[in-house]
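Dear colleague,

I am passing on to you the structure shown below, and after it I set out what was found in it. Please keep it open beside this message while you read.

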Amino acid sequence: MNEKRMTEVLAAHADGLTGSPAAIQQVHMTNEERSRLAPLFELAERLQHSMPPVQPSAAFVQNLGKDLIDKARRQIALTKRVRRITLIGAAALGSLLSIASVVGAIVFVVARLRARAQARTLRAPAGQA
Amino acid sequence: MHEESDSALIARTKVDPEAFGILYERYVGRIYNYTYYRTSSHQDAEDLTARTFYRAMQHISYYVDRGAPFSAYLYRIAHNVVVNWHRDTSRRQIISLDDLVMRLSAPEEPAALAEEHENQALLLEAVRRLPPERQQLLILKFVEQMKNAEIAQVMGRTEGAIKSLYHRTLVTLREELTGVESGQEEPTWRTSNE
């Protein structure tokens with residue numbers, strides 16, 4: 001009996017234990033295969049018997065659920081606040097930048113006009129001054 | 001009534017705190033079972049289940065749906081939480097025989113029952129000495145009654161790899177139990193091939 005065949009038979013046996021009895025019924029085993037795998041089948045059955053699902057206490061489930069929802073609510077509120085602050089901050093920064101650029105442009109234009117006027121004055125003949 | 005999908009609930013967690021509550025109710029039992037069978041204590045299972053869900057909630061905004069079920073995400077967190085717990089406490093795992101007694105209902109002779117409990121305790125102790133991945137496989141298979149394909153999805157492996165891991169796990173577990181029964185020392189598990 002090769003390794004692959006053993007793996008498949010054991011998997012089918014486990015499926016049979018966990019709610020699909022047809023899985024193992026579909027596998028045809030020789031007597032030799034059956035006797036060779038018997039200890040592992042028995043071990044799987046012992047495992048199945050020794051590992052029943054357990055239930056958490058209702059109080060624990062309820063308390064943790066309530067606490068998680070409270071925390072989720074606070075987390076969502078915090079995220080919203082952070083997003084709002086970020087948005088307001090970005091808007092304020094944008095406004096400041098716009099104002100600064102307008103002021104900068106005015107200063108630049110005034111400075112250029114002044115420089116031009118000064119240059120004109122310097123270029124004018126002395127007599128005319 | 002149509003049950004809302006996990007993906008829809010995950011998307012809704014960004015704006016609706018109740019959505020995470022629904023996910024929690026859907027999976028709390030499974031995670032509790034997983035942590036219980038990894039620790040053998042109801043108290044520790046409650047603590048680790050709580051830590052798993054707090055961590056999941058904290059990181060859910062980073063969750064990316066790659067086709068794996070949401071339970072895979074939770075089991076991964078639970079696995080890390082349990083590993084950290086074992087590292088932090090460095091506790092030797094003890095089987096709670098009281099729990100086993102509570103769960104068994106067969107009205108048998110006391111001596112036979114005691115022997116059965118002892119055998120179960122030995123078996124569960126041997127399971128807890130397995131590498132975490134093998135323990136997870138046995139829990140998903142026998143406690144959660146999952147199919148190999150589902151286990152493969154949760155553990156991020158192929159179905160064939162799960163079948164093969166199950167086979168190897170049974171073989172090593174049997175060797176371990178045979179060794180314990182004949183009074184040999186506990187073996188060191190080999191994990192390099194997993």
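This is a predicted model: local features need pLDDT of at least 70, side-chain atom pairs count only at pLDDT 80 or more; totals for chains, interfaces and linings use all residues.

Helix H2 of chain B has a kink of about 50°, centred on B:Tyr27, where the bend at a residue is the angle between axes fitted to the seven residues ending there and the seven starting there. Helices here (H or I, at least four residues) and strands (E, at least two) are DSSP runs, numbered from the N terminus.

Residues are numbered from 1 along each chain as its sequence is written, and chains are lettered from A and ligands numbered from 1 in the order in which they are written.

Chain B

Chain B holds nine helices and zero strands, and 33% of its 194 residues count as buried; a residue is buried if 20 or more other C-beta atoms lie within 10 Å of its own, exposed if 12 or fewer, and partly exposed in between, with C-beta atoms placed from the backbone. Among its contacts between residues at least 6 apart in sequence, 64% join residues at least 24 apart, where two residues are in contact if their C-beta atoms, placed from the backbone, lie within 7 Å.

The chain is divided into domain 1 (1-93) and domain 2 (129-185), with bounds that come from an automatic or database domain assignment. The centres of these two domains of chain B, taken over C-alpha atoms, are separated by 21 Å, and twelve residues of domain 1 are in contact with nine residues of domain 2. On the domain 1 side, the elements that give two or more residues are helix H2 (17-39) and helix H4 (70-89) of chain B. By class, that side has seven nonpolar, three polar and two charged residues, if Ala, Val, Leu, Ile, Met, Phe, Trp, Tyr, Cys and Pro count as nonpolar, Asp, Glu, Lys and Arg as charged, and the others, Gly among them, as polar.

B:Ser71 is buried, because 22 other C-beta atoms lie within 10 Å. B:Ile10 is placed in helix H1 (residues 6-12) of chain B and, leaving aside its neighbours within four places in sequence, is in contact with B:Ile60, B:Tyr63 and B:Phe70.

Helix H3 (residues 42-59) of chain B has 18 residues and should span 26 Å at 1.5 Å a residue, which agrees with the 26 Å between its end C-alpha atoms; the expected span is 1.5 Å times one less than the number of residues. The buried residues of H3(B), among them B:Leu48, B:Phe53 and B:Met57, pack against H4 of chain A together with H2 and H4 of chain B.

Chain A has four helices and zero strands. Its radius of gyration, taken over C-alpha atoms, is 42 Å, well over the 14 Å that the globule rule gives for 129 residues, so chain A is more spread out than a compact globule; the rule is 2.2 Å times the number of residues to the power 0.38. Along its principal axes the C-alpha trace of chain A spans about 130 × 45 × 20 Å, and buried residues make up 12% of the chain. Its domain assignment gives domain 1 (3-50) and domain 2 (57-129), whose centres, taken over C-alpha atoms, are 70 Å apart.

The contact between the chains takes 33 residues from chain A and 37 residues from chain B. On the side of chain A that touches chain B, helix H1 (3-17), helix H3 (31-50) and helix H4 (58-123) of chain A each supply at least two residues, and H4(A) gives the most, with ten. By class, this side of chain A has 21 nonpolar, seven polar and five charged residues.

With kind regards
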